[in-house]
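Please describe how this protein is put together. Start with the core, then turn to the sheet and the helices on it.

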Amino acid sequence: MIGDSISNAYTVDVRKQLRGKAEGFRIAGNGKNSAYGLEHLDKGLGNRKWDVIHFNWGLWDLCYRNPKSKTQGHRDKVNGTITATPEQYRGNLEKIVARLKKTGATLIWCTTTPVPEHEAGRKLGDDLIYNEVAEKIMNKNGVLINDLHAHALLKHPEIQIKKGDVHFTKKGSAYLAKKVAQEIEAALPE
């Protein structure tokens, strides 16, 4: 599993649900944005042979940051600068997918989870724009798609940590983990 803090939060539950069927591994730390992910991809993949790679970037890419902002992570959608434009995001994802395809693993793209109203550094609706960019790339490359965005919306906002926060409660992360584990299990070789 490769991704940001959302995937970090559901990893333990995914591992539990896959116990006896597959070993679940995750990159160390936070996958942050797609440029960071691309730069650190080989390190994250290591020398192992992977059967399935479940991956995601987006929430960091569509985040506006301002070094003067006192909000966590210097988030500031009014006076900040976007981390990656949709065009930059597209370019990074195309390179990431090309590299991941070389592993021979079954690839599963995980859509970016929802950006809620009142999020300090992210604009409402940008999650949909970035997911659309990613979907075109994945479809072009035959990559499976786990629509975690739609899955999260089924229980949003009750699974949010707090109003305006992109993160989820423990119960919310467990809810997401169930869908992730199902998608990974369905993609495992016989």
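The model is predicted: local features need pLDDT of at least 70, side-chain atom pairs count only at pLDDT 80 or more, and totals for chains, interfaces and linings use all residues. Residues are numbered from 1 along each chain as its sequence is written, and side-chain values use heavy atoms, with hydrogens and water left out.

**Core.** The largest nonpolar core holds 47 residues. Such a core is a set of buried Ala, Val, Leu, Ile, Met, Phe, Trp, Tyr and Cys residues joined through side-chain atoms within 4.5 Å; buried means under 20% relative accessible area with a 1.4 Å probe, protein chains only. Tyr10 and Phe55 have the most contacts inside this core. Elements giving two or more residues to the core include α1 (5-18), α2 (34-45) and α6 (170-187). α6 gives the most, with 7 residues. Helices (H or I, at least four residues) and strands (E, at least two) are DSSP runs, numbered from the N terminus.

**Sheet.** Three strands form an open sheet in the order β1-β4-β5, with parallel pairing. Pairing takes at least two DSSP bridges between two strands. β1 and β5 (144-146) are the edge strands. 4 bridges join β1 to β4; His54 has Ile108 in β4 as its bridge partner.

Contact means heavy atoms within 4.5 Å. Angles run from 0 to 180 degrees between N-to-C directions, with axes fitted to C-alpha atoms, for helices over the stretch in contact.

| Helix | Strands | Angle |
|---|---|---|
| α3 | touches β1 and β4 | about 155° with β4 |
| α4 | lies across β1, β4 and β5 | about 145° to β5 |

Conventions. Buried means under 20% relative accessible area, exposed over 50%, partly exposed in between (1.4 Å probe, protein chains only).
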